[in-house]
Amino acid sequence: MDDTRTEIGNQTAVTEFFFSAFPDLEEGGLLFFIPLLLIYGFIITGNLVIFIVIQLDEALHTPMYFFISVLSFLEIWYTTTTIPKMLTNLISVQKTISVAGCLLQMYFFHSLGISEGCLLTAMAIDRYIAICKPLHYPTIVTPRLCAQLTAGSCLCGFLLVLPEIVWISTLPFCGPNQIHQIFCDFTPVLNLACTDTSLIVIVDAIHAAEILASFLIIALSYVRVILVILSIPSVEGRHKAFSTCAAHIAVFLLFFGSVSLMYLRFSATYSVFWDTAIAVTFVVLAPFLNPIIYSLRNKDMKEAIRKFFCSQK
């Protein structure tokens, strides 16, 4: 009997899933391993530096940088839920994950992803108030409100996914055990269940509603912000105002663009190659670019990072 299955009654229960989207070690798995390891190291180091610098530099103790520091903190854990296992699979013959490990990976990956989406929404609202209602900004966006929005984002992320994970944990898996993806995700896992999973339509609708709600709030906020910026008479004033939002808009487009391709497809199907390419975009590429966007495009961050490393020397 296959050691990834156990006998339960008259059925063979799957105890492990196999990732079939990874190349074999002989077919270039090691070539993917090295750049992915370097990217993961950069993601962790870059986000950790941003988080520490914002905590230490009093000049950055503003709502905008507070949200950036929280986003960097979430990014560290968001990538850690998937990339270490991906690295292991690239140099492993087995390329397997236990059913329990798969459920945990799905839970934390989606919880942290939703938390980031909610936080990006809070950041868009923050920029909207800062640029469209500057006189009221200090009284509206207080440290207490920032803490509440952050706590609400994390609470929303970790509670919304829980019922779905609990439901999936009750399903029997007794047939094929190949996941055609680079990490455990809802649709590939549910396709392996040996029972009716028609409820996935409801689940997809809920995910779509969550993504569209956040997308619309953020998009409308930035449209309003851009219109206000364009109405500023001086070129210098427009440039300064837009520079504070450019990084946020770039991260928003990168994150929600890839997420929308993955989770707003409805009945559309992609090949394994395109599924993998889209997954890599929001699992690896977006977290890789975020530290670059928030540090290299921001004068205050660049100065704070420079001072931080100079003080260490």
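This is a predicted model: local features need pLDDT of at least 70, side-chain atom pairs count only at pLDDT 80 or more; totals for chains, interfaces and linings use all residues.
Residues are numbered from 1 along each chain as its sequence is written. Local features need pLDDT of at least 70 and side-chain atom pairs count only at pLDDT 80 or more, while totals for chains, interfaces and linings use all residues, and side-chain values use heavy atoms, with hydrogens and water left out.

Me: What distance does helix 6 reach from its first C-alpha to its last?

Reply: Helices here are DSSP runs (H or I, at least four residues), numbered from the N terminus, and helix 6 covers residues 143–160, which is 18 residues. The expected span is 1.5 Å times one less than the number of residues, and the helix comes close to the 26 Å expected, since its own reach is 26 Å.

Me: Which residues of helix 6 are buried, and where do they lie around the axis?

Reply: Buried means under 20% relative accessible area, exposed over 50%, and partly exposed in between (1.4 Å probe, protein chains only); C146, T150, S153 and G157 are buried, whereas R144 and L155, on the other side of helix 6, are exposed. An α-helix has 3.6 residues a turn, so residues three or four places apart point the same way. Taking the directions from the helix axis to the C-beta atoms, the buried residues of helix 6 fall within an arc of 60°, so they line one face of the helix.

Me: How many residues apart in sequence are the parts that the pair K307 and D57 ties together?

Reply: A salt bridge is a side-chain nitrogen of Lys or Arg within 4 Å of a carboxyl oxygen of Asp or Glu, and K307 forms one with D57, the closest N and O atoms being 3.6 Å apart. K307 lies in helix 12 (residues 299–312) and D57 in the loop between helix 1 (29–56) and helix 2 (63–80), so the pair joins parts separated in sequence by 250 residues.

Me: How many salt bridges does the structure hold?

Reply: Besides K307 with D57, the side chains of R127 and D126, both buried, meet at 3.0 Å, N to O. E303 pairs with R306 at 2.6 Å, and these two, 3 residues apart in helix 12, are separated by about one helical turn. The number of salt bridges in the structure is 3.
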